[in-house]
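Welcome! Let us take a friendly look at how two parts of one chain meet.

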Amino acid sequence: MDVVLRERNIEEYRTIIGNEVDEIKKLAEPLKGKKVLHVNATAYGGGVAEILHNLVPLMRSVGLDARWRVIEAPDEFFNVTKKFHNTLQGADIEISEEEWNLYEEVCRKNAELIQDEELFVIHDPQPAALRKFVDLNDRKWIWRCHIDLSTPNMKVWQRFSQYLEGYDRLVFHLEEYFPQGWKERSIAFPPSIDPLSEKNRDLDEDTIRKTLERLEIDPERPLITVVSRFDPWKDLFSAIDVYRLVKKEIPEVQLAVVSAMATDDPEGWFFFEKVLRYAGTDEDIKFCTNLKGVGNKEVNAIQRATTVALHTATREGFGLVISEALYKRVPVVARPVGGVKIQVKHGENGYLAWEREDLAGYVVKLIRDEELRRKMGEKGRQTVVENFIITVHLKNYLKLFSDLLR
């Protein structure tokens, strides 16, 4: 399925990155007209879809013939690929021969998505086996992995990695994710947020206040916000525990749990119900999801009203929600996992800790010290503009494409 793309113009970013726009145009010049196809599992929900909605139009803006297609698959397929997601991050789960066969069959049927393009960027495990069913060895193939592969379940990895044999490059968020034996074919660069997207552009105070009122969040009281999928690795139970510890010190504090139910994650509904039960009847815990009409604009408003952003994931490929908060000058308290470690600088734009008691202590400290929040907020925005916005991401892809076509 082709995803309908809106138009974007690289010139829109000149107010943010200045003459770097000219550098990007120069990098793109030799690639003008090149046909690039991105393939992933869903057009809505989760970080990958969000990135592609903004990145693909920008690639088109600088002259590439960039396209984006989404695989079509039954729910049973996504149950299997969720197992891939979990086992490739280390979970001890059995994948049956029947499930492997289903995975291959769906990828084989979706091989028709591959057409006359010259560069293919296949995102994450779901469509990775497409390469096996396409005999186009004169084209360039990239597997873009958005999860933490540093300690995979080796039984699953040894079989899954056979699908990657035909790829020219594997791209990860961090070098520490490079699989053993694949380092020569692997490179690392981080994903990005788009500062001009609906989720990150500036909002006026009236819009923010009206959004909070609709979601029954009190703008006059401190707010802890967690933006996350309902996923076992995100450990939202610990987020609620941290909030409860903070509430003992600051009784007026509120917690917003913000999420979108992704179409490629059937397991999410199960964890959503578990987290709801764990939260109980506490009216100061606000669940803000697409089920309540919460979209990108509402997420933006909630983040801008946030006192402290919290992230309790125990494994994290990157965690773009961290950069979203930092860009909005909100300090982040998080566990030091995966890509979180390169976004949050302890003591500079937030705090890193493993234990719930320590996380709660840092949240309390930030809520009580407005000047500290302001200083950390400014540092956080600077960190994102220099490293994690979409124009940096675009440059990294342009360099990769040029290298492969050289």
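A polar contact is a pair of N or O atoms within 3.5 Å; within protein, one must be able to donate a hydrogen and the other to accept it, and residues adjacent in sequence count only if both atoms are side-chain atoms. Across the interface of domain 1 and domain 2, the rule finds 10 residue pairs in polar contact, both at pLDDT 80 or more.

This is a predicted model, where local features need pLDDT of at least 70, side-chain atom pairs count only at pLDDT 80 or more, and totals for chains, interfaces and linings use all residues. Residues are numbered from 1 along each chain as its sequence is written, and side-chain values use heavy atoms, with hydrogens and water left out.

Here are the two domains, with bounds that come from an automatic or database domain assignment.

| Domain | Residues |
|---|---|
| domain 1 | 10-192 + 389-405 |
| domain 2 | 205-387 |

Their centres, taken over C-alpha atoms, lie 28 Å apart. In contact (heavy atoms within 4.5 Å) are 31 residues of domain 1 and 28 residues of domain 2. Together the domains bury about 2,300 Å², 53% of it on carbon and sulfur atoms; buried area is the accessible area (1.4 Å probe) that two parts lose on being put together, summed over both. Tyr44, Lys82 and Ile389 supply 24% of the area that domain 1 buries against domain 2, more than any other three residues.

The interface also holds three salt bridges, each a side-chain nitrogen of Lys or Arg within 4 Å of a carboxyl oxygen of Asp or Glu. Lys82 and Asp231 form a salt bridge through their side chains, at 2.6 Å from N to O.
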